[in-house]
Amino acid sequence: MTTKESKKTLQIPSAIVVHQLAQMMDVSAIELIKQLMRNGVMVTINQAIDYDTATRAAKDMGFEIKPLIESRGKRPGPLIVADETEEASQLVSRAPVVTILGHVDHGKTTILDAIRKSNVTATEVGGITQHIGAYQAEYNGQPITFLDTPGHEAFTAMRARGAQATDIAVLVVAADDGVMPQTIEAINHAKAAGVPIVVAINKMDKPGVDAERVKRQLAEQSLLIEEWGGDVICVSISAKEKTGIDDLLENILVVSEVAELKANPSRPAIGVVVEARLDKSKGPLVTALVQTGTLRVGDYLVVGDTRGRVKALINDKGRRIKQAGPSTPVEVLGLERLPASGDTLTVVPSEQISREMLTQRLKEVETRVSRALSLEDVASQIQAGEFEELNLIIKTDVHGSIDALQSSLERLSTEKTKIRFVHTGAGSITESDVLLATASRAVIIGFNTRPEPGAKHLAEQQRIDIRFYDIIYNAIDDVQKALQGLLQRPLQDVVEGHAEVRAVFSVGKGTKIAGSYVKDGRITRSSLVRVLRKGVVVFEGVVSSLKHFKDDVREMTAGYECGIGVQGFTNFQEGDIVEAHHTE
């Protein structure tokens, strides 16, 4: 066994089987299991343990641990991948990753096409048409990677899944239209991501356009350009006439230089899925962006909730390549199933470890969903002294309500607990709002507005707290209580089951029993019930008797017939619904 004095260093992945860790440490599996038991972890020899559990046990046994695959630290802002285990000498400059955002029809696609065509040489004309959702351009010999996302929803969907793929956001604003609702959304999504913004004022070729008006509108959204004393670079372009494109690319490189984007090409690759599609002949094809390390043909991969081995790599020119370094977009062939956009791609040493990491990844997905906050969570965390900032998304019925609600809520901020408005807007609550709330850990406040069906489903899936108000003071009161740590979880009505009345029986002395069929859930003898007639509540009370034929029973479940008596109610009619419920 290695002595504590030697302090041997081990590199281990995010998940490792107990007997494998014992072999790496050159100790018996029994010794390792004993140490894990001392740390309160009960495992078997063939069970996988996570990185933190393995680290604690190994350190107690005299080893130094370094992560083999994933950096354990979290950094705000753009992903500059340089983990603590890497020497500065291993880091090299990498290409910036750029996403183009803006209002529909403001010229995002035209700009991307103009950049593409300016990079086409005579020999590349045939291959440049390959569209893989991301591509690399060159300006003055320096590469720039563009993510061709459909809009800020896709950009934020990736962030909501834990991927911070973009270094710079280019905000496209049409000079003739100016700042539009989707432009404001794009600004807020980019700000929430913490990435630097470069503004491109497009369609400057149109007669009578006023760039100064656009700059004023941007200033109203707290986006102050450099010539007005701010720190946001603004470039005037015409994608149609291909003017100003060089200026835009030059400024992207300037922002990139300031950010000092670096990565280590020598380590196993980590990347992010940009998009995925099913090819009839090739199977799952995944467009991935390598963020750090080098991805090679033959590498074992874990991507989201699937895995595989790299059979082929295809670059944005449609050519097969053997490897792809940091900031390189590439199409990957060889996964078992289609992953989701924004899933992390990780190279692992072997097929066995890829299987074990899948278990770990599924746990991480659950954790990410459970990170969603409700106002009550904020209150309890503030009470425990663990919370400093409340992120809010406000949607109202009309624009006039936004300022009134926002200014009232702003006054509730204190030195200890601050309110940050991630996004405000008028209209229904959309999927885009829910995605932004997921990525920003925000609470959505709806004032005289409701969620769209897709947004409601997504909010339930991601456990996003949406609060609805029709009186402004109720919203202010709830947020104030949350910031003071006083807000309690509201009472919630939980439906237990429904029974349909099919016959009515008199049992003497004016008492009537409803001969019913339990359609779903259950009815118990002590249930609180509502009697519904054509969807309208006609009586609320408690079950006084519950019979199955002549026998008294405590509970009846779906698919059974029973006789229900309700205390204080005899006016049953065929077709009535008895709804059992409770509050919690």
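Visitor: Which residues are exposed on the other side of α13?

Guide: This is a predicted model, and in it the buried residues of α13 are A455, L458 and A459. Those three cover an arc of only 105 degrees around the axis, so they lie on the same side of α13. The exposed residues, on the other side of α13, are P453, H457 and E460.

Visitor: What do the buried residues of α13 pack against?

Guide: The residues concerned are A455, L458 and A459, the buried residues of α13. One of their partners is a helix and the other is the stretch 466-469, and by name these are α12 and β25.

Visitor: Is N448 buried, partly exposed or exposed?

Guide: N448 is found in the loop between β24, residues 443-447, and α13, residues 453-462. Its phi is near 55 degrees, which is a positive value in a residue other than glycine. Buried would need a relative accessible area under 20% and exposed one over 50%. Because N448 has 41% relative accessibility, it counts as partly exposed.

Visitor: And is F549 buried or exposed?

Guide: F549 is found in the loop between β29, residues 536-548, and β30, residues 551-552. Phi of F549 is near 55 degrees, again a positive value in a residue other than glycine. Because its relative accessibility is 73%, F549 counts as exposed.

Visitor: Are α6 and α12 roughly parallel or roughly perpendicular to each other?

Guide: In general, two packed helices are described by the angle between their axes and the distance between the axes. For helix α6, residues 181-193, and helix α12, residues 431-440, the axes come within 10 Å and cross at roughly 15 degrees. Angles under 35 degrees count as roughly parallel. The relation of α6 to α12 is therefore roughly parallel.

Visitor: How many residues of the contact of α6 with α12 are charged?

Guide: The crossing of α6 and α12 is left-handed, and in the contact E185, H189 and A192 of α6 meet S432, L436 and S440 of α12. These residues divide into two nonpolar and three polar, while the number of charged ones is one.

Visitor: How far apart are the C-alpha atoms of A439 and A193?

Guide: A439 has its place in helix α12, and because its relative accessible area is 17%, it is buried. Along the chain A439 and A193 are 246 residues apart, yet the separation of their C-alpha atoms is 8.3 Å.

Visitor: Are α1 and α2 roughly parallel or roughly perpendicular?

Guide: The axes of helix α1, residues 18-25, and helix α2, residues 29-38, come within 9 Å and cross at roughly 110 degrees. An angle from 65 to 115 degrees is the range to compare with. The arrangement of α1 and α2 is therefore roughly perpendicular.

Visitor: What class are the residues in the contact of α1 with α2?

Guide: The crossing of α1 and α2 is right-handed. The contact is made by V18, L21, A22 and M25 of α1 together with A29, L32, I33 and L36 of α2. With no polar and no charged residues, the eight residues of this contact are nonpolar.

Visitor: How many residues in the contact of α11 with α14 are polar?

Guide: The axes of helix α11, residues 399-410, and helix α14, residues 472-483, come within 10 Å and cross at roughly 30 degrees, which makes α11 roughly parallel to α14. The contact is made by A404, L405, S408 and L409 of α11 and I472, A475, I476 and V479 of α14. By class, seven are nonpolar and none is charged, and the number of polar residues is one.

Visitor: Which elements are among those that cover the buried residues of α7?

Guide: The buried residues of α7, which spans residues 211-220, are A211, V214, K215, Q217 and L218. They cover an arc of only 160 degrees around the axis, so they are on the same side of α7. What covers them includes β9, α6, β10 and β11.

Methods. Residues are numbered from 1 along each chain as its sequence is written. This is a predicted model: local features need pLDDT of at least 70, side-chain atom pairs count only at pLDDT 80 or more; totals for chains, interfaces and linings use all residues. Side-chain values use heavy atoms; hydrogens and water are left out. Axes are lines fitted to C-alpha atoms, for helices over the stretch in contact, and angles run from 0 to 180 degrees between N-to-C directions. Helices (H or I, at least four residues) and strands (E, at least two) are DSSP runs, numbered from the N terminus. Angles under 35 degrees count as roughly parallel, over 145 as roughly antiparallel, 65 to 115 as roughly perpendicular and the rest as oblique. A crossing is left-handed if the near helix is turned anticlockwise from the far one by less than a right angle, and right-handed if clockwise. Contact means heavy atoms within 4.5 Å. Ala, Val, Leu, Ile, Met, Phe, Trp, Tyr, Cys and Pro count as nonpolar, Asp, Glu, Lys and Arg as charged, and the others, Gly among them, as polar. Buried means under 20% relative accessible area, exposed over 50%, partly exposed in between (1.4 Å probe, protein chains only). The arc is that of the directions from the helix axis to the C-beta atoms.
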